[in-house]
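Please find below a colleague's note on the model under review. It is set out as numbered points.

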Amino acid sequence: MAARKRKAARRRPAGRARSKKAARRSRGARRGWKIAALLVVVSGFAGGFVMGRHLVRLDRVVTERFEGRLFRVPSRVLSAPTILYPGLDWKQIGLRDGLDRLGYRPGGGDPLPVGRYRWGEGTVLLHRRPFEHPTRAEPARYVQIRLEGAEIGGVRDLQSGRELGAFFLEPELVGAYHGPDREQRDLVQLGDLPQHLVDAVIAVEDQRFLDHPGIDVRRILGALWVNVRSGGIRQGGSTLTQQLVKNFFLTPERSYERKIQEALMAILVEARYDKSSILEAYLNEIYLGQRGPTAIHGMGEASRFYFGKQPRHLTLPESALLAGIIQSPNGLAPRRHAEAATARRNLVLRLMQDQGRIEPAERAAAEAEPLRVSSTASEPGEARYFLEALRRQLPDFYGQETLATEGLVIYSTLDLRLQMTAARAVREGLEALEERYPKLASDGAVRVQACLVALRPQTGEVLALVGGRDYGQSQFNRCVQAKRQAGSAFKPFVVAAALEPVPGGPTVTLASRLLDAPLEVSTPGGPWRPTNFDDEYRGEVSVRHALEKSLNVPMARLAQDVGTDRIVSMAQRLGIESALPRVPSLALGVAEVTPLEMARAYATLANGGIRPQIRTFEDVVGSDRRAAERLPIAFERVLDAGTAYLVTSLLEGVVDRGTARGVRSAGITGPVAGKTGTTNEERDAWFVSFTPELVVAVWVGFDRPRSLGIPSSRAAIPLFVRFFEDARGGRARGSFRPPGDVEQRMVDPESGALALVGCPARAPEWFLRGTEPATVCPNWANRREPEARTARRAPGVPEAERDAREPGVFEQFLDEWFGRR
Amino acid sequence: MAAALSWVFGCTALGPAPVRLSEVADDGDARRRASVRLVLEGLDDEASGRVVGAASQYERALQVDASNPWAYLALARHWVEQGEPDRALAFLDQCEAQLDPADSLRVEAHLAGLRGAALRERDPSASQAWLAQAARLAPETWGDGWLDAQELR
């Protein structure tokens with residue numbers, strides 16, 4: 001109707017009034033249009049300005065991330081490699097478990113594919129993967145390991161036919177230094193990835209990736225249609241670029257506003273960076289599963305996690321599987337949902353064929369392959385205390401942030417099997433203690449703790465370190481952080497100081513007599529009166545007896561003779577770094593030291609007086625795969641070999657006859673030396689010990705010192721026994737060899753004098769050459785001319801005279817025989 | 001008596017032929033044998049210029065058998081060559097500590113020679129004396145004052 005009127009008006013001649021009105025209306029309309037246009041322009045400018053600002057801001061966000069550090073890559077720590085050789089006890093080293101931990105899988109075929117093994121009757125075929133190492137990278141190697149009983153009979157390289165003297169298995173993952181996000185990734189470059197992996201990802205995630213500008217309009221419309229029909233957001237439509245943007249910059253929230261943001265940023269990313277860079281970033285960023293609390297990100301890490309290999313060695317079905325699980329890494333986790341994962345993998349393969357990326361035959365062959373994920377799944381949690389100790393030994397510039405972001409690879413000294421054995425010994429040992437002594441567990445909230453550290457004495461390499469019963473509950477590393485009184489475990493340092501030859505000083509031997517009788521020492525704090533553990537006194541005892549039975553009073557007397565300064569100096573030279581109080585009670589172990597220090601000091605004794613530098617790692621490799629740091633083996637002679645041997649001999653006696661004889665009654669055989677230590681009120685229990693090839697320090701106690709109610713022989717030794725039985729089958733190898741300046745003589749245990757043939761009691765004892773006793777046993781001497789065998793102390797007696805008086809064994813025999821006659 | 005014998009046989013200065021590791025490769029228990037083989041591989045590496053790899057192999061040899069004196073000897077030689085005399089001397093000390101008395105005489109020339117080489121900067125006169133002793137004990141090996149990796153092999 002209105003339209004008709006307007007048409008008529010246009011046809012009719014205009015009246016004056018009407019035309020005025022119309023003119024006014026027309027002007028108004030024009031003004032309105034102008035205002036509207038102005039408003040549009042202004043709001044357009046304003047919107048454009050706001051939009052522009054927003055885009056500039058987004059662009060800055062994008063470039064800052066892409067130009068800076070794209071990823072935080074936690075540094076990983078690897079164990080020492082396992083070395084197999086003929087004669088090695090393969091059961092004791094847990095060969096089969098080791099292969100499983102390394103992700104090797106049983107397999108068939110000849111030759112076996114890389115990463116597989118076949119365990120047969122008396123033979124293991126193994127196709128070892130190649131592995132990187134800063135100094136000795138190893139190629140893939142196909143070997144036959146012959147098993148003869150419990151031992152490896154030989155290792156043959158099946159490619160060359162050569163018998164190998166030694167064969168390395170690759171280092172195992174010990175752990176990593178994560179940031180708060182606990183993301184683990186191993187960065188890869190696009191060129192290092194097989195083409196079928198790239199094709200598989202593009203096929204299933206974004207088939208037009210190479211053509212679109214960051215967003216795929218066709219895909220978005222398709223997703224929109226699905227969402228409109230369903231009345232909610234059911235489908236994405238994100239390109240790889242959008243997924244990358246979402247993971248890098250945005251929250252997982254599903255809203256149209258966030259989708260728009262994502263699309264804008266995707267376009268910006270595509271405008272600034274080429275497709276290869278975007279694809280590489282995506283393949284390193286994408287979440288692909290979970291190893292306990294650690295998130296697996298990127299194809300490099302996923303390849304290692306699922307298949308135990310580097311991505312460049314992935315096969316087509318393996319690539320298809322990795323691409324397939326991107327959609328739902330946990331819902332399609334191959335180890336838990338094999339069927340769903342297989343179906344998804346096959347879908348990827350179908351898409352690849354449909355898109356012309358693989359041939360039908362390739363697809364068929366790949367689909368026929370069963371899922372073959374490696375058996376390794378969990379990160380060994382037992383080594384976290386060790387990781388902490390290692391971090392402390394790294395130079396300062398490897399701070400926590402660097403370790404959590406720089407993607408270093410640290411080759412450690414850890415023997416992962418020994419570490420697991422140690423962790424088990426501590427955990428189960430403490431549980432057994434609590435079961436046997438319920439008082440230990442009476443306060444449920446405060447649990448008794450322990451630590452165990454094992455070193456290789458000659459090289460100082462830390463082979464196992466467990467700083468507490470559960471790292472998850474307490475990160476306090478008792479091996480390196482807890483300073484506790486050493487108790488009697490300190491006494492060997494006193495004896496070493498006493499035995500060490502000092503020009504002009506008194507000569508003390510293992511047979512020297514010490515008085516075990518009440519003693520009072522004046523100190524600024526009042527008189528100090530040491531007592532024995534049983535409050536009894538035994539009169540005269542030998543140095544050996546005093547240490548083997550851990551008698552305090554004679555040891556305190558010896559320390560008084562030696563002097564605190566020499567004891568402090570000796571302890572420091574052997575490897576104690578903590579401050580040592582210069583007080584008389586130092587001799588009885590009031591000094592607070594860490595178990596690692598004690599282990600090092602005992603390692604020096606085990607190593608014939610050569611102090612090793614503690615070594616937790618060998619090499620650090622930077623993210624550029626170049627060696628960045630090396631910690632070589634280092635040591636220094638700090639004590640003469642003879643004195644070190646005498647102390648070792650004493651400590652063997654402690655294990656054979658003394659306070660640590662529980663070691664023997666538990667069935668441990670072979671050369672073992674060690675010393676128990678129990679502090680006042682039984683607050684700390686120590687057992688520090690060594691064999692020719694292993695030093696083990698065990699401490700048991702409460703973090704806030706309180707009485708354990710049991711001595712070290714019941715608290716610490718059982719943990720050691722548990723560990724040693726598993727670690728070495730309860731048999732210590734090798735021998736403690738006396739150096740050339742040490743000789744053995746028979747002595748009379750009662751008097752400490754030489755015991756010649758005819759003395760009523762004779763016991764062998766070790767002496768530094770020239771320090772043998774100057775007297776013979778009283779009974780024997782009584783039957784001789786009294787002046788014939790008078791006091792003969794080595795020092796102070798002229799050499800010629802001493803030689804003249806010193807009888808040989810044959811001479812002694814003749815003396816005795818003729819004497820009788 | 002000994003002097004007379006020496007005079008008679010004219011061998012006062014000469015000791016037994018210095019050890020070559022290939023000669024002891026089959027001695028000892030399984031661990032020692034495996035360890036010595038690793039040392040031999042390290043010596044081959046060193047002779048081929050793979051110096052870092054060689055040191056690593058010697059350390060692996062110690063991982064197998066930490067009481068293998070030959071690994072310490074090889075490392076001492078390695079550190080002398082790398083210009084780290086203090087480190088070399090410590091390894092010589094450790095080698096001596098691990099030596100079986102039966103082997104001592106055959107290693108004496110190497111120990112003396114390497115000690116002499118390690119002390120060259122710090123104590124030239126002592127160095128000369130050690131080198132002279134090594135040359136006297138094993139003129140073929142130490143006559144030039146230098147122990148080549150292959151001479152130890």
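This is a predicted model: local features need pLDDT of at least 70, side-chain atom pairs count only at pLDDT 80 or more; totals for chains, interfaces and linings use all residues.

1. Residues are numbered from 1 along each chain as its sequence is written, and chains are lettered from A and ligands numbered from 1 in the order in which they are written.

2. In chain A, 5 strands in the order β10-β1-β14-β24-β25 make up an open sheet of mixed pairing. Strands are DSSP runs of E of at least two residues, and helices are runs of H or I of at least four, both numbered from the N terminus; two strands pair if DSSP finds at least two bridges between them. The edges are held by β10 (173–177) and β25 (627–630) of chain A, each with a single partner strand, so one side of each lacks a neighbour in the sheet. From one strand to the next, the twist averages 20°.

3. Within this sheet, β1 (residues 75–78) and β14 (residues 409–412) of chain A pair in the parallel sense over 3 bridges. Leu78(A) stands opposite Tyr411(A) in β14(A). Helix α13 (residues 384–393) of chain A packs on the sheet, where it touches β1, β10, β14 and β24 (617–621) of chain A. The direction of α13 makes about 60° with that of β10(A).

4. The axes of helices α11 (residues 338–354) and α12 (residues 360–368) of chain A come within 9 Å and cross at roughly 175°. Axes are lines fitted to C-alpha atoms, for helices over the stretch in contact, with angles from 0 to 180 degrees between N-to-C directions. The crossing therefore makes α11(A) roughly antiparallel to α12(A) (an angle over 145 degrees).

5. Residues of α11(A), among them Asn346(A), Leu349(A) and Met352(A), meet residues of α12(A) that include Pro360(A) and Arg363(A); contact requires C-beta atoms, placed from the backbone, within 7 Å.

6. In chain B, 13 of the 14 residues of α5 are buried, so this helix is largely enclosed by the rest of the structure. Buried means that 20 or more other C-beta atoms, placed from the backbone, lie within 10 Å of the residue's own.

7. Between the chains, 22 residues of chain B are in contact with 24 residues of chain A. On the chain B side, α2 (30–47), α3 (51–64) and α5 each supply at least two residues, and α3(B) gives the most, with 9 residues.

How values were computed:
Angles under 35 degrees count as roughly parallel, over 145 as roughly antiparallel, 65 to 115 as roughly perpendicular and the rest as oblique. Two residues are in contact if their C-beta atoms, placed from the backbone, lie within 7 Å. A residue is buried if 20 or more other C-beta atoms lie within 10 Å of its own, exposed if 12 or fewer, and partly exposed in between; C-beta atoms are placed from the backbone.
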